[in-house]
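Please keep the sequence and the model at hand while reading.

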Number of protein chains: 2
Amino acid sequence: MPRSHEPAAGDTRCSIGRTLQILGDRWSLLILREALNGETRFSEFRDRLQIASDVLTQRLGVLIEGGVMEKRPYREAGSRSRMAYHLTAAGRELVVIFGALQQWGDQHCPHPDGPLVRRGSRTSGRSLRVAFVDEDGREAPVDDVDLGAPLRHGSARPVA
Amino acid sequence: MPRSHEPAAGDTRCSIGRTLQILGDRWSLLILREALNGETRFSEFRDRLQIASDVLTQRLGVLIEGGVMEKRPYREAGSRSRMAYHLTAAGRELVVIFGALQQWGDQHCPHPDGPLVRRGSRTSGRSLRVAFVDEDGREAPVDDVDLGAPLRHGSARPVA
């Protein structure tokens, strides 16, 4: 089999591989970051990211196809109806991935002026970390984590 | 300013943007997935991912430059010395990001035959989830999380 310059599309037995088929590339991830910040409009995504319209259209299509965003019409007074782009429930759960990306960047490639924002609870205002926890909510240190642990070892059923 | 077909390299005030400059693309993420699974050799990365050698060399260079991997020589009996590619301490902490990618894939794009593996503790064997926790280890639901919370609100100092 010839070696490839593009990752194989069929890497489907691995959950990480399947997730990356949807998140795909840096543009898609940056679009999702803006969506998690509350942006919904084509022009907002385009202006904030300085992304070419054709690239933005294509990436939004992939994100809709992948079930993480959906189109909803909106209309401002005096304007024609337009489409807004909202996260689905599955899309909103991507916040765990983006929280982990943000936390790693804060720790391992910090900006000289420090972070601009932090991860916080909307209800309590308390700062939040992303961490591994077991069924009883006990935290496991990262060096103790095996992403490839065999199924059913120490657990009645596989983690969904 | 013209719209771009490539994300701006200078998006440095955002920790997510800085992290994505290193993780970059799907190949880099797949290489890191293999590294977190314990692979260290060029030929193993190449064969498992079916990646072209020139692309693998380039991506490994970016990961070394970004401080998440490092080269170490090794030598097998009867062979010449070769280079192995190991995760740095910062690279090993990427497991939080990959755990979040895996968990999201398990939940939102499951394989019909179920997951192959699970996230588990090496010491206790217990299953692990990736979650947001506060300073007291209390878990926050994803809908309560704000990745863009203002600094110093409800916290004596910004999260590092």
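## Basis of the model

This is a predicted model, in which local features need pLDDT of at least 70 and side-chain atom pairs count only at pLDDT 80 or more, whereas totals for chains, interfaces and linings use all residues. Residues are numbered from 1 along each chain as its sequence is written, and chains are lettered from A and ligands numbered from 1 in the order in which they are written.

## Relation of the two chains

Chain B is superposed on chain A by a rotation of 180° with 0.0 Å of shift along the axis, at an RMSD of 0.0 Å. The two copies are thus related as by a two-fold rotation axis. The superposition is by least squares on the C-alpha atoms of residues with pLDDT of at least 70 in both copies.

In the interface, 91 residues of chain B are in contact with 91 residues of chain A; contact requires C-beta atoms, placed from the backbone, to lie within 7 Å. Helix H6 (residues 95-108) of chain B supplies the largest share of the chain B side, 14 residues. By class, that side holds 42 nonpolar, 28 polar and 21 charged residues. Here Ala, Val, Leu, Ile, Met, Phe, Trp, Tyr, Cys and Pro count as nonpolar, Asp, Glu, Lys and Arg as charged, and the others, Gly among them, as polar. Because 100% of the interface residues of chain B are also interface residues in chain A, the copies meet through the same surface.

## The sheet across the interface

Helices (H or I, at least four residues) and strands (E, at least two) are DSSP runs numbered from the N terminus, and two strands pair if DSSP finds at least two bridges between them. Four strands form an open antiparallel sheet in the order S5(A)-S4(A)-S4(B)-S5(B). Its edge strands are S5 of chain A and S5 (139-140) of chain B, each of which pairs on one side only.

A:Val133 stands opposite B:Arg129, and A:Asp134 has B:Leu128 as its bridge partner. Within chain A, S4(A) pairs with S5 (residues 139-140) over two bridges, and A:Val133 has A:Glu139 as its partner there. Four residues lie between the strands of this hairpin, in which A:Gly137 takes a positive phi near 80°.

H6(A) lies across S4 of both chains, at about 115° to S4(A). Likewise, H6(B) lies across S4 of both chains, at about 115° to S4(B). Axes are lines fitted to C-alpha atoms, for helices over the stretch in contact, and angles run from 0 to 180 degrees between N-to-C directions.

## Core and enclosed helix

The largest nonpolar core has 68 residues, of which A:Ile97, A:Ala100, B:Ile97 and B:Ala100 touch the most other members. Such a core is a set of buried Ala, Val, Leu, Ile, Met, Phe, Trp, Tyr and Cys residues joined through C-beta atoms within 7 Å. Leaving aside neighbours within four places in sequence, A:Ile97 is in contact with B:Ile97, B:Ala100, B:Leu101 and B:Trp104.

Eight of the nine residues of helix H1 (residues 15-23) of chain B are buried, so this helix is largely enclosed by the rest of the structure. A residue is buried if 20 or more other C-beta atoms lie within 10 Å of its own, exposed if 12 or fewer, and partly exposed in between, with C-beta atoms placed from the backbone. The buried residues of H1(B) pack against H2 (26-36) and H6 (95-108) of chain A together with H2 (26-36) of chain B.

Key
Two residues are in contact if their C-beta atoms, placed from the backbone, lie within 7 Å.
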